[in-house]
Amino acid sequence: MRAFVFPGQGSQKVGMGADLAAASGAAREVFEEVDEALSEGLSAIMREGPEDQLTLTENAQPAIMANSIATLRVLEREFGIVLAEKGDCVAGHSLGEYSALCAVGAFSLADTARLLKLRGRAMQAAVPVGEGAMCALLGADLDKARALADAAAQGEVCQVANDNDPGQVVLSGHKGAIERAVAMVKDHGIKRGVLLPVSAPFHCDLMRPAADAMAEALEKTAPGPFALPLYANVTAGEVSDPAQEQRLLVEQVTGRVRWRESVLAMRAAGVDGFVELGGKVLGPMIGRIDKEAPATSVITMADIEALAKEIG
């Protein structure tokens, strides 16, 4: 069994997708379609920057998705690799869940781009700049991270946002609480706490206004049927019902990304190979979650060719 997985925020970088677009008409079409859907030149920002524009949440989210889907389209159009035939399930990390849904036909490419643009804007607007923060805890498991979050909260929001792998958990919340958490890591047997360069505190209760905005958007643009089951971030379980997934996408805005548990659930279901499309973040993470799990990260044309030979 094979899972196709899609990266989330943090995997963006200036130049992303440029070589693929130069080498493939199928990739160029994706970037052009996203530009048209958003009525702006996102592909130029991806290709040339500036970096601070690409890093803006409202740009980073659709850009990362576009890069993943461009990679998939090259696989499908130029190498005849059909995801629904070669995969058994899909999953994505945070915004990557939208990329996964686009890949299996639940959303059109244009709708996915517009939803992610709105999601990015709504997340940014939910908390005034400077009031929220996030930190990565290195050498922390979920229990240690929860205990630290509870101790650091002191009446403010401080929650586990991402359970990424056995040694990395991310906290999100009010800036003061997150700074206290970083200062208290050693008291909780955690190796290190690092403040993250993010513009908003994602996946915590402070994102409630953004969740409301997405609920409204997803009423108008609801997911349709999808070709393969998806492992959802907030449940770490398999979903194949569009109405259920619509609810989970709203919950995902404030809920914890249960990536470690999602990978273990896919492994328990029989997945013995993971393919990350458009990034090199989840592949290494999967290797840390389960050393026996083969994971391939596909970014370049050479990567695509190698994968097509392997699974074609």
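Visitor: Before we get going, what does "partly exposed" mean here?

Guide: Partly exposed sits between buried, under 20% relative accessible area, and exposed, over 50%. At 27% relative accessibility, Glu40 therefore counts as partly exposed. Keep in mind that this is a predicted model.

Visitor: OK, and which residue does Glu40 pair with?

Guide: Lys117. Their side chains form a salt bridge, 2.9 Å from N to O. Glu40 is in the loop between helix 2 (25-38) and helix 3 (42-48), while Lys117 is in helix 8, so the two are 77 residues apart and the pair links distant parts of the chain.

Visitor: Is Lys117 buried or exposed?

Guide: Lys117 counts as buried, because its relative accessibility is 6%.

Visitor: What does Arg121 bridge to?

Guide: To Glu58, with the closest N and O atoms 3.3 Å apart. Arg121 is in helix 8 and Glu58 in helix 5, so this pair ties together parts that lie 63 residues apart in sequence. Arg121 is partly exposed at 45%, and Glu58 is partly exposed too, at 24%.

Visitor: Which residues end up in one network?

Guide: Glu40, Glu58, Lys117 and Arg121, joined by salt bridges that share partners.

Visitor: How many salt bridges does the structure hold?

Guide: There are 15. One of them joins Glu156 and Arg180 at 2.9 Å, N to O. Glu156 is in the loop between helix 9 (142-153) and strand 4, and Arg180 is in helix 10 (residues 175-183), 24 residues away. Glu156 has 32% relative accessibility and Arg180 has 23%.

Visitor: What about the second largest pocket, what's its volume?

Guide: About 340 Å³. Its lining has 18 residues, with Lys13, Met16, Gly17, Asn67 and Ile299 nearest the centre. Helix 1 (residues 18-23) gives the largest share, three residues.

Visitor: How do the residues of that lining divide?

Guide: Seven are nonpolar, eight polar and three charged.

Terms used:
Residues are numbered from 1 along each chain as its sequence is written. This is a predicted model: local features need pLDDT of at least 70, side-chain atom pairs count only at pLDDT 80 or more; totals for chains, interfaces and linings use all residues. Side-chain values use heavy atoms; hydrogens and water are left out. On a 1 Å grid over the protein atoms alone, a cavity is a set of points where a 1.4 Å probe fits but cannot get out, and a pocket is an open set with protein on both sides within 12 Å along at least five of seven lines; lining residues have an atom within 4 Å of a point. Grid points are joined across faces, edges and corners, and a volume is the space filled by probe spheres set on the points. Helices (H or I, at least four residues) and strands (E, at least two) are DSSP runs, numbered from the N terminus. Ala, Val, Leu, Ile, Met, Phe, Trp, Tyr, Cys and Pro count as nonpolar, Asp, Glu, Lys and Arg as charged, and the others, Gly among them, as polar. A salt bridge is a side-chain nitrogen of Lys or Arg within 4 Å of a carboxyl oxygen of Asp or Glu. Buried means under 20% relative accessible area, exposed over 50%, partly exposed in between (1.4 Å probe, protein chains only).
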